[in-house]
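This report covers aromatic ring contacts and the charges placed over rings.

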Amino acid sequence: MTKPLIIDLHLDLAWDALFWNRDLTLPAHEVRRQEETEWPQVAEEFDTGICTVTFPEMRRGHVGIMLSTIMSRIEPRGERRRDGMRTQEHAMAVGRGHLAYYQAMARRGEIKSVRGIDDLDEAVAAWQYPTETTPIYHILSMESADPIADPDDVEFWWNAGLRVVGPAHFGHNTYIHGTGTEGGLKPPAKPLYKAMRDAGMILDITHMADQAVWESFDLWDGPIMASHCTCRSIVPGQRHLHDDMIRELCRRGGIIGLVFCQFMIDPDIDWSKRPSPKTWVSKYAMDGLIPHIENIANLAGGTTANIAIGTDMDGGFGAEMTPTDVDTIADLQGFSPILQEAGYANEDVTGILHGNAMRFFRSAWSDRS
C-alpha cells in the first residue's frame, strides 16, 4: 500500500544546513554521527538539537511537499538564541544565502519549486508513486520579513519563488512585534503588506505578538494562515494562538499547522518559562496533539478542514523535543493511525496530512488566475 502524502508547512532547512553546517542530503543518523564524533563540543555548546530532518528522511516518510523557509531576523544574540542579526542589511544578506541554498539543492535535484497550481498538481502526481530520486517539492516561505529590504524588494522575492511571508519571529524587527514582545505593526508594515498583497503572497501570522495579529487581521484581506502554531487555551504562553485568533483565522478559510514539539504540546510548559531541552523529560507522543485538533475543530464549527501539519522540526530543537514516538521526520507516517484510533474519519485524516493544505493553496492561487 502506498504511503499517504504528507505536507509540512514549516521546515527551516536552509537555516538548519547553513547555521549548523549540516549536509541534508545524508540520512539523519549519519548527520548525528558526524556531530557526535567530529564536533561534539560544538553540538554541546550551541545545543544544536538531535537531527531529525534531511531529504532522505523526508522521502522515507513521504513528506513530499513542504514550506521551506528563508529565516533571518534582527535580534541581539542572547543566551538561548545566537542567530539574530544586528542590522537589516545583515538579515538581507543571510536571507539571500538561504535562497542560494535552495537554488543549489534544486540544481542537485533534491527539491523542486512550487510557484502555482500547475506545480502543485505536478507535485501531487509525482508523489503518488515516488522513487528514491523524486524531488521534494517546496513552497518558499519567509519567517521574519527582515530580508525584504522594502516594498520595492517584494518583486525580487516573488520572482525568486517566495509565496508565503510570516513578518514576525522572535523579538521585534523592521516591520512588526513578535514572540516575547508587546506591540503591533510598525510604520513600514503597511506598505509592505500592500506590496505583498499586490504580488499575490500569503500572510502567515505565526510568531506575531497579540496586538500585531489583530492589526494584521484589520489590514489584510488576502489569504492567511498560521504555518506552525498550537492552542494557547491548552498550552500557556504568548507563542500560541488565542482561541479568538483561531476562530477568525478559520472564518477566513486559513489553515493552522500543528507543531511537533513538546513545548507546543505539553500543558505544563509555559513558553516564556520553558526549561532547557537538555534537562526536560519528554512526556507526550503524537497523540498529545489530539486535544489541539479537537479545540481547533470545535472553534471552526465542528470541522477539521482548517488543520494541517507544520512540524518545525529541527527549527531550534531536535529529536530530544519531538513527540516520543518521532525519531525522524519519517515517523510522521505514524500520525495517520493515531488519528484513526482517535476516531477521525479517513477524510479528516487525509485532510490533516495534506488535503487541507492543498485546498488552501489552490484557493489562494486560483484567485490570481
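Tyrosine 193 is buried, at a relative accessible area of 3%, and tryptophan 220 also counts as buried, at 3% relative accessibility. Buried here means under 20% relative accessible area, exposed over 50% and partly exposed in between, with a 1.4 Å probe and protein chains only. The model is predicted: local features need pLDDT of at least 70, side-chain atom pairs count only at pLDDT 80 or more, and totals for chains, interfaces and linings use all residues. Residues are numbered from 1 along each chain as its sequence is written, and side-chain values use heavy atoms, leaving out hydrogens and water.

The structure holds 10 aromatic pairs. Rings of Phe, Tyr and Trp (its six-membered ring) pair if their centres lie within 6.5 Å; planes under 30 degrees apart count as stacked, over 60 as edge-to-face and the rest as tilted. Two of the pairs are listed below.

| Pair | Centre to centre | Angle between planes | Class |
|---|---|---|---|
| Tryptophan 15 and tryptophan 20 | 5.8 Å | 75° | edge-to-face |
| Tyrosine 193 and tryptophan 220 | 5.7 Å | 85° | edge-to-face |

Because tyrosine 193 lies in helix H8 (residues 189–199) and tryptophan 220 in the loop between helix H9 (210–219) and strand E7 (224–225), their pair ties together parts that are 27 residues apart in sequence. Helices (H or I, at least four residues) and strands (E, at least two) are DSSP runs, numbered from the N terminus.

Tryptophan 15 and tryptophan 20 are both buried. Ring pairs join Trp15, Phe19 and Trp20 in a cluster.

Arginine 96 lies over the face of phenylalanine 156, 3.8 Å from the ring centre. Over the ring of tryptophan 158 sits the charged end of arginine 163, at 3.5 Å from the centre. The criterion is NZ of Lys or CZ of Arg within 6 Å of the ring centre and within 35 degrees of the ring normal.
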